Each structure stands twice: as C-alpha cells, then as structure tokens.
Amino acid sequence: MPAEIILHHYDTSPFSEKVRLMFGIKGLAWRSVVQPVIMPKPDLIPLTGGYRRIPVMQIGADIYCDSQVILAEIERRHPKPKVVTGVDWAVNLWADRLWFQATVAVVFAEMGDRVPKEFIADREKLSGRPFDVNAMKAAAPFMRAQWRAYAGWIEDGLTGDFLGGKTPSLADVAAWMNVWWLSASAPKIADELLAGLPRAQAWRDRLRAIGHGDRVEMTPAEALQAATTTAPSDDGECAPGDPSGLKKGDAIVVQADDYGRDPVEGVLIHLGNDRVTLARECGELDVVHVHFPRAGYVLAKR
Ligand SMILES: N[C@@H](CCC(=O)N[C@@H](CS)C(=O)NCC(=O)O)C(=O)O
C-alpha cells in the first residue's frame, strides 16, 4: 500500500489552505495532523529537524517543508489534472511574499487588538521584528490599495473560469490563499476590496466550492510511526555544476531567507534547480529525507 499523504497544518493557516485546495483540485485523500499555532511544536520538530513553519507535508519518511515544494511534489506524484503551467512558480512567489505582506497588514490592522499576547510574542520571535499593530493600522490604507491592485490583476487575468483557463492552475491556488484568508478573517474588508471586480468575486465562489479533497484526522503519534515504518522514497541526485559548489554527501545546513530561519542540518542527497533534499538521522526515527525549495532558501556547508 502506498504511504498516505499527511499534512501537518492548522485550519486558520493561509499557506496550508493552498495545499488543501490543491488536494481538492486533484481529488486526493489525505490525513490531517493539526499542529499548534505557536511554539513549542514537539510533534513537528523531530520530523523536520528544526523547521517550524506550517504547512509541512509528510509521505512516509519524506518530509516536505514549505508550500512551494509541497505543491511541486503533489503535482509530480499526481500529475492529473495538470495544475502547474507557464511561469506559475513566479506567480506563486509573488502571491506568497508581496501579496501576502499586504494581506497580513490589512488583516492585523483589523483584528490585531484581539490577538493573544502569546501569539504576538511568538510572531515577533519568528520574524525578528516587532509585531506593531499601530504601525499596521497606520499602513493599512496603503496596504489596502496594494491589495486592491493585486486583486485587479486577478480580475484582468480571468478570461475563463480560472486563471488557468477552464481548469484551476497553480496561479489560482497561489492567489486564493490571500483572498481566502482576508475573506475568512475580515469579510467586510474583503467585500470592499473586491467590489466592482465581478469576475474575481465569482472566481472566489468557484474556488471555495472545490473543497479540500477527502480529509481524515490522524494523531501526531501515528504520523511519527508512519515515518519510522517506511524508508525515504528515493536516493536523489545532485546536478553537476550547481552554482553552490555543493556535492552529494556534503554536511550542509538549510534555512529560509525571510522569516522562521531556524537552521536544519543534514547530509546533502539531492540538489536541483527547484529542490534541495537532505538526509537526517534523528533519535527514534531512522532516516528521514527533508525537502526544501531552492527559491527562498539558503544553503551552506557545515
Ligand atoms: N514560505 C512558507 C511560509 C509558511 C508560513 O509562513 N506559514 C505560517 C502559517 S500560514 C507560519 O508558519 N507561521 C508560524 C507558525 O505557524 O508557527 C510556505 O510557503 O510554506
């Protein structure tokens, strides 16, 4: 029996929503492990080796960190229907970074005063910057204008039912996260910012109707067990001439280049333009392969 797809996530996580929608588009069955919204995450860190962000996908002893590599792996294992086309990955990074920054500012300008202080302290540690609700309120008019400009691109890009044409593409999935989160946490503002954009509004309803595939809950202990009873899926290969100069077997450290930069150490086993994989041995787990995207991550020799 093939190993199950396990998603470590929590329901309010926008980056997880990208993956849940991808499961819906592909019609996949998956297991859901709900992780805490703030540190500590004692059931996640043993799998990732230090990476704390959400979502993380696990298939047996393969651990995929970051929605970029998660979506790429789902597309690779389940190519139908095809979701990734053209320069979708570039659109994905724009939606993850520029558009998301605007969404964060607009959302927390609205609900920042109601957020528990433990959450604020956690996110300050994660970003290395103050979580300043007053600054977000002051920036809100500018950020709302940015958000509206980005939503306008969606309106203009919708020549069919989806940005991908007749069927949803990765561009739809990437953009959806921002619209979904704002609509869920500040519905009145979302409606204001989508006013006069009828195609974007109908697109939001269409994506919402797709759902999340077939979700069944799993305990963190079962997920750890799934990692110990399987071996990683393949041995990987390192493309010669990679600009990093790194070679298979090197002891390396990988970390995000934006926030949540907790380093993950391991032995390099796969290096391509889109993905880096390291092998880690950890305690009661034998060997797990931990996969990260290249775009947005920094690698160094230890
Ligand atoms: N580039 C990452 C960003 C992930 C991210 O920022 N996730 C948020 C939740 S949506 C997070 O991890 N927040 C801190 C936490 O949950 O501990 C990705 O695409 O997965």
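This is a predicted model: local features need pLDDT of at least 70, side-chain atom pairs count only at pLDDT 80 or more; totals for chains, interfaces and linings use all residues.
In which loop does P55 lie?

View 1. Two elements, α1 (14–26) and α5 (117–127), each give two or more residues to the shell around the ligand. Domain 1 (5–81 + 216–301) and domain 2 (88–210) each contribute at least three residues to this shell.

**View 2. The shell around the ligand.** The ligand is surrounded by 16 residues. Y10, K41, R52, S67 and Y259 are the closest of these. Sorted by class, the shell comprises eight nonpolar, six charged and two polar residues.

View 3. S67 places a polar side-chain atom 2.6 Å from an oxygen atom of the ligand. For Y259, the distance from a polar side-chain atom to an oxygen atom of the ligand is likewise 2.6 Å. A polar side-chain atom of R123 is found 3.5 Å from a ligand oxygen atom. The ligand would expose 500 Å² if taken alone, and the protein buries 95% of that area.

**View 4. Two cis peptide bonds.** Most peptide bonds are trans. Here, however, M39 and P40 are joined by a cis peptide bond, with omega at about 0°. P40 belongs to the loop that runs between β2 (29–34) and α2 (45–48). Another cis peptide bond links I54 to P55, and its omega is about 10°. P55 is located in the loop between α2 and β3 (56–59), which answers the opening question.

**View 5. A positive phi at D66.** Most residues other than glycine have a negative phi. D66 is not a glycine, yet its phi is positive, near 95°. This residue lies in the loop between β4 (62–65) and α3 (67–77). S67, one of the closest residues to the ligand, has a polar side-chain atom 2.6 Å from a ligand oxygen atom.

Note on methods:
Residues are numbered from 1 along each chain as its sequence is written. Side-chain values use heavy atoms; hydrogens and water are left out. A residue is near a molecule or strand if one of its heavy atoms lies within 4 Å of it. A polar contact is a pair of N or O atoms within 3.5 Å; within protein, one must be able to donate a hydrogen and the other to accept it, and residues adjacent in sequence count only if both atoms are side-chain atoms. Accessible areas come from the Shrake-Rupley method with a 1.4 Å probe; for residues, only the protein chains shown count as cover. Helices (H or I, at least four residues) and strands (E, at least two) are DSSP runs, numbered from the N terminus. Ala, Val, Leu, Ile, Met, Phe, Trp, Tyr, Cys and Pro count as nonpolar, Asp, Glu, Lys and Arg as charged, and the others, Gly among them, as polar. Domain bounds come from an automatic or database domain assignment.
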